[in-house]
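Have a look at the structure, then read on.

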Amino acid sequence: MSEKLPYGTNMPTTDGSSEATAVPSETIALITGGARGIGRHLSEAFATAGYHVIVTATSADNAEAAADEIAEVTGGAVTGVGLRTDDIASVKALRESVTALEAETGKRLQVLINNAGRIESTEGPLWDADPESLKGVVDANVTGVALMVNVFAPVLIAGAEATGRPSRIIDLNSGSGAQGTPAYAVYSASKASLFRLADSVVHFGHEKGLRIFEMAPGVVETAMTKSMPVHDFRTGDDWTSPEQVTDLALALASGTLDAFTGRYVRAGKDSEESLLTEAAGGLSDSTRRLVLG
């Protein structure tokens, strides 16, 4: 690449119009960490909506067991595959599994949800944290997402070309990435990094049919969030409901919110309706993005 590259991302122009272009019955949705927590809610919702869902977990046995349970509950098509997102060989092996499933079913991978992630084992000053825990956060939240995009973007682009419909990536981001949570400094930094990865996808992938969204799920009551002292005060409506998360994710996957590619949305505060209204008013290059200067 010999041309002089500019700083910043060339954001696509949009008139705020919306159209649902996804065809769930013809589409594979890959959800990392889909066997439990928020990922499990997403897996069940996408299977119910008619997508063929691939559920991953670090243990193949756990992924396959979860897939069987989700298929039984939803009546949908669900496949479980073991995956370590921070391991190059594991991610490439998953790509081979996806390619085989595409050939077997005639469906195309056109939704990737980067849900798998970690947070520091303790909260407080950075220097009080366990170094191994900090490394694990970066491995899962940064390296893992970067590898998934690196390996699967060509598959998603091929799906978009074959169907004439955009393919979509949804990163599970966080308010900690958008605004920062000092007690979880490395987690916050890892989620902020996803904005920069998304910039590259928009800059180089938009014309090839790729869309990407940074979706914060709010604070859903899970084993992970319940273990965090920062959330000890939460009761009842202080938690984001799983339905608010899955409804927003399904809307992003559908295409109605493509105006928000490369941008940040938050379940519990944003809905498909509110975002459509916002997009109709026009979005500047800096809207819902991390931009300094």
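The largest nonpolar core has 36 residues, and those with the most contacts inside it are Leu42, Phe46, Met215 and Phe260. Please keep in mind that this is a predicted model. As background, nonpolar side chains tend to be buried together in soluble globular proteins.

**Nonpolar cores**
- Beyond its neighbours within four places in sequence, Leu42 is in contact with Ile31, Ile113, Asn115, Leu172, Val245, Thr246 and Ala249.
- There is also a second, separate core of 28 residues, which includes Ile28, Leu101, Phe152 and Val202.

**Aromatic pairs**
- How many aromatic pairs does the structure hold? There are two.
- One is formed by Phe46 and Tyr51, a tilted pair with 5.0 Å centre to centre and 50 degrees between the planes.
- Phe46 counts as buried because its relative accessibility is 0%, under the 20% cut-off.
- Tyr51 has a relative accessible area of 3%, so Tyr51 is buried too.
- Phe195 and Tyr264 also form a tilted pair, with 5.9 Å centre to centre and 35 degrees between the planes.
- This pair links distant parts of the chain: Phe195 sits in helix α6 (residues 185-205) and Tyr264 in strand β7 (residues 264-266), 69 residues apart.
- Is Phe195 buried or exposed? At 3% relative accessibility, Phe195 counts as buried.
- Tyr264, at 14% relative accessibility, is likewise counted as buried.

Key:
Residues numbered from 1 in each chain as written. Predicted model: local features only at pLDDT ≥ 70, side-chain atom pairs only at ≥ 80, totals over all residues. Heavy atoms only, no water. Phe/Tyr/Trp six-rings, centres within 6.5 Å; stacked < 30°, edge-to-face > 60°. Buried < 20%, exposed > 50% of the residue type's maximum accessible area, 1.4 Å probe, protein only. Helix = DSSP H or I, 4+ residues; strand = E, 2+ residues; numbered from the N terminus. Core = buried A, V, L, I, M, F, W, Y, C linked by side-chain atoms within 4.5 Å. Contact = heavy atoms within 4.5 Å.
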